[in-house]
Amino acid sequence: MRKKGFIFDLDGVIVDTAKYHYIAWKTLADQLGFAFTKRQNELLKGVSRTRSLEILLAIGNIEASEAQKAYWMEAKNMEYLRYIEKMTEDEILPDVPKILQFLKEHQYPIALGSASKNASHILHKVGLLEDFDVLVDGTHVSKAKPDPEVFLLGAKELGLEPSDCVVFEDALAGVQAAKTAGMIAIGIGDHESLREADYVFNDFTEIEARFLSTL
């Protein structure tokens with residue numbers, strides 16, 4: 001039997017940095033004079049920084065030049081990084097280390113597949129950087145999820161066929177990207193919003209080692 005490779009999204013799967021993204025985007029929205037809710041923030045899950053800003057500006061009915069957009073994206077990122085710098089291993093989501101340890105012990109290849117351009121730094125801050133054989137993040141790809149580019153590149157870097165890869169995702173766009181790539185998609189989070197995934201769990205505490213072995 002060919003061994004599977006496992007590809008993890010970052011935000012909402014390994015760590016909950018979504019809350020920091022929300023705070024940073026909300027700060028920008030406040031400065032621009034309109035409200036931005038947690039519910040609206042769900043629209044930004046799993047998409048690029050550029051696309052996130054486009055969605056935010058559409059919510060506020062604001063038009064801007066490319067130069068102004070670039071300035072706002074940088075300002076948002078600097079605000080976000082202020083929170084990232086304070087991260088510790090305490091912010092790793094429940095049982096993620098246990099799952100990573102099981103995969104490592106059984107020599108399953110492990111990759112990160114994230115839109116975040118700060119992925120490497122975040123993994124370093126929480127002490128998980130060395131657990132990944134391959135890192136593919138926003139600095140390596142040009143197309144945002146649901147385009148499968150990030151996962152296809154992850155499979156390539158692992159030396160595996162897409163059909164031999166399993167993806168952990170918390171966003172619908174990420175699940176769709178995994179399915180488009182021909183991979184098994186495991187949703188982490190809300191069952192209703194992730195119903196297109198092959199399997200859905202509330203979090204990693206519900207995933208048993210024997211389940212991973214059967215994949």
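# Helix packing and selected loop residues in a predicted model

The axes of helix 3 and helix 4 cross at roughly 105 degrees and come within 10 Å of each other. Helix 3 and helix 4 are therefore roughly perpendicular to each other, since angles of 65 to 115 degrees are placed in that class. On the side of helix 3, the residues that meet helix 4 are Arg49, Thr50, Leu53 and Leu57. Their counterparts in helix 4 are Lys69, Trp72, Met73 and Asn77. Sorted by class, the contact of helix 3 with helix 4 comprises 4 nonpolar, 2 polar and 2 charged residues.

The buried residues of helix 4 are Trp72, Met73, Lys76, Asn77, Glu79, Tyr80, Leu81 and Ile84. These buried residues pack against helix 1 (18-32), helix 3 (49-59) and helix 6 (119-126).

When residues up to four places away in sequence are not counted, Glu79 touches Ala24 and Thr27. Gln68 is also found in helix 4. With a relative accessible area of 29%, Gln68 is partly exposed. The C-alpha atoms of Gln68 and Leu128 are separated by 35 Å, and these two residues stand 60 residues apart along the chain.

The account now turns to helix 1 and helix 3. Two packed helices are described by the angle between their axes and the distance between the axes. Helix 1 and helix 3 pack at an angle of about 40 degrees, and their axes are 11 Å apart. That angle makes helix 1 oblique to helix 3. The crossing in which helix 1 passes helix 3 is right-handed. Helix 1 contributes Trp25, Leu28, Ala29 and Leu32 to the contact, while helix 3 contributes Arg49, Ser52, Leu53, Leu56 and Leu57.

Helix 2 (residues 38-41) contains Asn41. Asn41 is buried, with a relative accessible area of 9%. Apart from its neighbours within four places in sequence, Asn41 is in contact with Ala18, Tyr22, Trp25 and Phe36.

Several loop residues complete the picture. Ile92 is placed in the loop between helix 4 and helix 5. Despite its location in a loop, Ile92 is buried, with a relative accessible area of 15%. Ile92 is in contact with Ile14, Val15, Pro97, Val126 and Leu128, leaving aside its neighbours within four places in sequence. From C-alpha to C-alpha, Ile92 and Gly127 are 9.3 Å apart in space, and they are 35 residues apart in sequence.

Two further loop residues have a positive phi. Asn61, in the loop between helix 3 and helix 4, has a positive phi of about 55 degrees although Asn61 is not a glycine. Its relative accessibility is 71%, and Asn61 therefore counts as exposed. Gln107 is situated in the loop between helix 5 (96-105) and strand 2 (110-113). Gln107 likewise is not a glycine, and its phi is positive, at about 60 degrees. Gln107 is exposed, with a relative accessible area of 65%.

The peptide bond from Lys145 to Pro146 is cis, with omega near 20 degrees. Pro146 is found in the loop between strand 3 (134-136) and helix 7 (149-158).

Notes:
Residues numbered from 1 in each chain as written. Predicted model: local features only at pLDDT ≥ 70, side-chain atom pairs only at ≥ 80, totals over all residues. Heavy atoms only, no water. Buried < 20%, exposed > 50% of the residue type's maximum accessible area, 1.4 Å probe, protein only. Helix = DSSP H or I, 4+ residues; strand = E, 2+ residues; numbered from the N terminus. Contact = heavy atoms within 4.5 Å. Axes fitted to C-alpha atoms, helices over the stretch in contact; angles between N-to-C directions. Parallel < 35°, antiparallel > 145°, perpendicular 65-115°, else oblique. Left-handed = near helix turned anticlockwise from the far one by under 90°. Nonpolar A, V, L, I, M, F, W, Y, C, P; charged D, E, K, R; others polar.
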